[in-house]
Structure formats: C-alpha cells, structure tokens
Amino acid sequence: MDLGLSGRTALVCSSTGGIGEAIARTLAAEGADTVVCGRRGHRAKEIAAGLPRAVGIEVDLLAEDGPAELFEATVAAFGPPDVLVLNGPGPKPAPAADVGVTDVDVALEALLRQHIRLVTQALPAMRERGWGRILAVGSSGIAAPLPNLALSNLGRAALAAYLKTLAAEVAADGVTVNLLLPGRIETDRTAAVDAANAAHSGRTVAEVEQASIASIPARRYGRPAEFAAAAAFLCSAPASYITGTALRCDGGLVRSL
C-alpha cells in the first residue's frame with residue numbers, strides 16, 4: 001500500500017530510542033523527510049545519518065523554549081511538518097496514594113503542556129495546506145488505568161481529552177488527530193516499569209515479566225516495529241477519514257471494547 005508520505009515532512013518527538021525511533025525509521029522508509037530528535041543529540045544525528053532523508057536535532061522538550069526550538073529547526077530543514085508525532089518518556093512510576101501536587105505539575109508539563117505548545121506551532125500551516133496528521137503515542141492506561149503508574153495515567157488522559165476535542169475542530173481542514181496506545185512493547189521504558197513493579201511488590205523482575213506476559217492474549221510483548229507500522233498508517237494519506245480515535249496496539253491486553 002502506498003501510504004502517500006513521500007515528500008511529506010514528519011517530526012517525531014523523542015525519537016532517539018524505543019517506540020519513537022521505530023516510528024521515525026518507518027516514516028523515513030515510506031519516503032517522509034524525517035526529523036529525529038531528543039536530548040541525546042549524537043544519537044539523533046546517528047539515526048538520521050542512516051535514513052534516506054532525515055536530520056537529527058538535539059533538543060530538550062522539557063525546557064520552556066524546547067518546542068519552539070524544535071519547530072524552528074524542522075522548518076529550517078524541511079519546512080513546516082505535515083506529520084507531527086507527539087511522544088515522550090513517561091513520568092516516574094508511583095501509586096496514586098504517594099502522588100503529590102509537585103509530581104502532578106511535573107507530569108502535566110511533560111505529557112500535556114509541551115505537546116500542546118508543539119501542536120500550537122504546527123497546526124496553522126497544516127490547516128492552511130488542508131493536510132496534516134497529528135498522532136500522539138499514548139498508553140493503554142487511558143482505557144484502563146495501570147497500577148503504580150498514577151502520574152502517567154493522569155497526564156496521558158489529559159492529553160487524550162485535549163486531542164479528542166481538537167480532532168473535531170480541525171477535521172474539516174484535512175487535519176486528523178489520533179492516539180495510538182501501546183500495551184507492553186519491548187522498550188527500555190517497559191523494562192524500567194517492570195523493575196519498578198518488582199521493587200514495589202517484592203517479586204523478581206523475571207516474575208513480574210512472566211506475570212505480565214501471561215496477562216496478554218498474544219502471550220508476548222509487542223515489538224517496536226509492529227507499533228511503528230500502525231503509527232505510519234494513521235499518519236498516511238489512506239487514513240484521511242480516521243480521526244479522533246484511540247487505537248490500541250497491545251496484543252489484546254485491554255479486554256474492553
């Protein structure tokens with residue numbers, strides 16, 4: 001299937017590893033001019049150097065001016081983004097009973113406010129051109145809050161509410177807005193969460209992983225490339241009538257419809 005991404009500009013946030021890197025590689029393979037970015041500038045440039053048409057940009061999206069710097073660098077390299085993938089590391093694992101107000105502020109800054117700043121920068125050009133794709137990497141915690149991840153559940157749910165509202169406002173302008181929800185994907189973040197759950201429950205990491213895999217109907221963790229394939233489709237031309245959705249890519253982990 002031709003995804004219609006050749007010559008489009010794709011900005012993939014936090015793409016120096018894990019899910020973000022997989023998405024950047026997939027979009028680049030589909031012909032998109034791709035911006036790889038993250039705090040590890042050397043890694044961003046290393047990944048970009050191996051892609052057909054890409055640049056690597058060092059940026060700290062948690063800095064106040066990080067989103068503006070990233071947007072300006074993208075415009076300088078390839079023009080305003082046609083595809084904006086919102087992605088970022090989750091906040092520290094914590095049970096809801098241990099969450100403080102300061103923790104909430106930090107989580108909302110990372111998972112909500114910085115993403116809104118990027119959307120605000122990218123949206124006007126998308127609407128003017130009549131074509132745009134905004135895709136956020138969320139979490140299955142939006143559909144079913146995950147234990148010991150209270151801050152992630154909170155911040156990602158807030159972003160989902162914002163994007164769902166936005167989707168209805170810009171659909172007539174040719175801009176789609178969707179979420180893609182990972183379950184347990186083989187990444188460093190998943191390994192860190194398993195380690196935190198092991199420490200919290202008194203079990204070994206292997207025991208936590210085995211219990212987690214047993215809860216997934218597919219009986220395994222997902223691969224970053226599988227998640228990236230779903231992301232590329234939602235960013236594609238053929239997905240032009242899909243907006244305001246939250247698609248799960250979780251091996252059947254969440255049992256509700």
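This is a predicted model: local features need pLDDT of at least 70, side-chain atom pairs count only at pLDDT 80 or more; totals for chains, interfaces and linings use all residues.
Colleague: Helices, then. At what angle do H4 and H5 pack?
Modeller: Helix H4 covers residues 101–129 and helix H5 covers residues 150–170, and they pack at an angle of about 20° with axes 8 Å apart. That makes H4 roughly parallel to H5. Angles under 35 degrees count as roughly parallel, over 145 as roughly antiparallel, 65 to 115 as roughly perpendicular, and the rest as oblique.

Colleague: What is an axis here, and what counts as a helix?
Modeller: An axis is a line fitted to C-alpha atoms, for helices over the stretch in contact, and the angle runs from 0 to 180 degrees between N-to-C directions. Helices (H or I, at least four residues) and strands (E, at least two) are DSSP runs, numbered from the N terminus.

Colleague: Which residues of H4 and H5 make the contact?
Modeller: Among them are Leu-108, Leu-111 and His-115 of H4 and Leu-151, Leu-159 and Tyr-162 of H5. Contact means heavy atoms within 4.5 Å.

Colleague: And how do the residues of that contact divide by class?
Modeller: The contact of H4 with H5 has 15 nonpolar, three polar and four charged residues. Ala, Val, Leu, Ile, Met, Phe, Trp, Tyr, Cys and Pro count as nonpolar, Asp, Glu, Lys and Arg as charged, and the others, Gly among them, as polar.

Colleague: What about H3 and H4, how far apart are their axes?
Modeller: The axes of H4 and helix H3 (residues 66–78) are 9 Å apart, at an angle of about 35°. Pro-67, Ala-68, Leu-70 and Phe-71 in H3 meet Gln-114, Arg-117, Leu-118, Gln-121 and Ala-122 in H4. By class, the residues in this contact are six nonpolar, two polar and one charged.

Colleague: Next pair: is H1 parallel or oblique to H8?
Modeller: H1 and H8 pack at about 55°, with their axes 8 Å apart. That makes H1 oblique to H8. On the H1 side the residues are Gly-18, Ile-19, Ala-22, Ile-23, Thr-26 and Leu-27, and they meet Pro-224, Ala-225, Phe-227, Ala-228, Ala-231 and Ala-232 in H8. The classes here are 10 nonpolar, two polar and no charged residues.

Colleague: Changing topic. Where is Ser-15, and is it buried or exposed?
Modeller: Ser-15 is in the loop between strand E1 (9–12) and helix H1 (18–29). Ser-15 is buried, because its relative accessible area is 0%. Buried means under 20% relative accessible area, exposed over 50%, and partly exposed in between (1.4 Å probe, protein chains only).

Colleague: What lies 2.8 Å from a polar atom of its side chain?
Modeller: The backbone oxygen of Val-12 lies at that distance from the Ser-15 side chain. Val-12 is in strand E1 and, at 0% relative accessibility, also counts as buried. Leaving aside neighbours within four places in sequence, Val-12 is in contact with residues including Gly-20, Ala-24 and Val-85.

Colleague: Which side chain does Arg-184 join in a polar contact?
Modeller: The side chain of Asp-194, at 2.6 Å. A polar contact is a pair of N or O atoms within 3.5 Å; within protein, one must be able to donate a hydrogen and the other to accept it, and residues adjacent in sequence count only if both atoms are side-chain atoms. Arg-184 sits in the loop between strand E6 (175–182) and helix H6 (188–201), and at 18% relative accessibility it counts as buried.

Colleague: Last one. Which residues have a positive phi without being a glycine?
Modeller: Asn-148 is one of them, with phi of about 65°, and Arg-219 is another, at about 60°. Asn-148 is in the loop between strand E5 (132–137) and H5, and is buried at 12% relative accessible area. Arg-219 is in the loop between helix H7 (205–214) and helix H8 (224–234), and is exposed at 51%.

Definitions and conventions: Residues are numbered from 1 along each chain as its sequence is written. Side-chain values use heavy atoms; hydrogens and water are left out.
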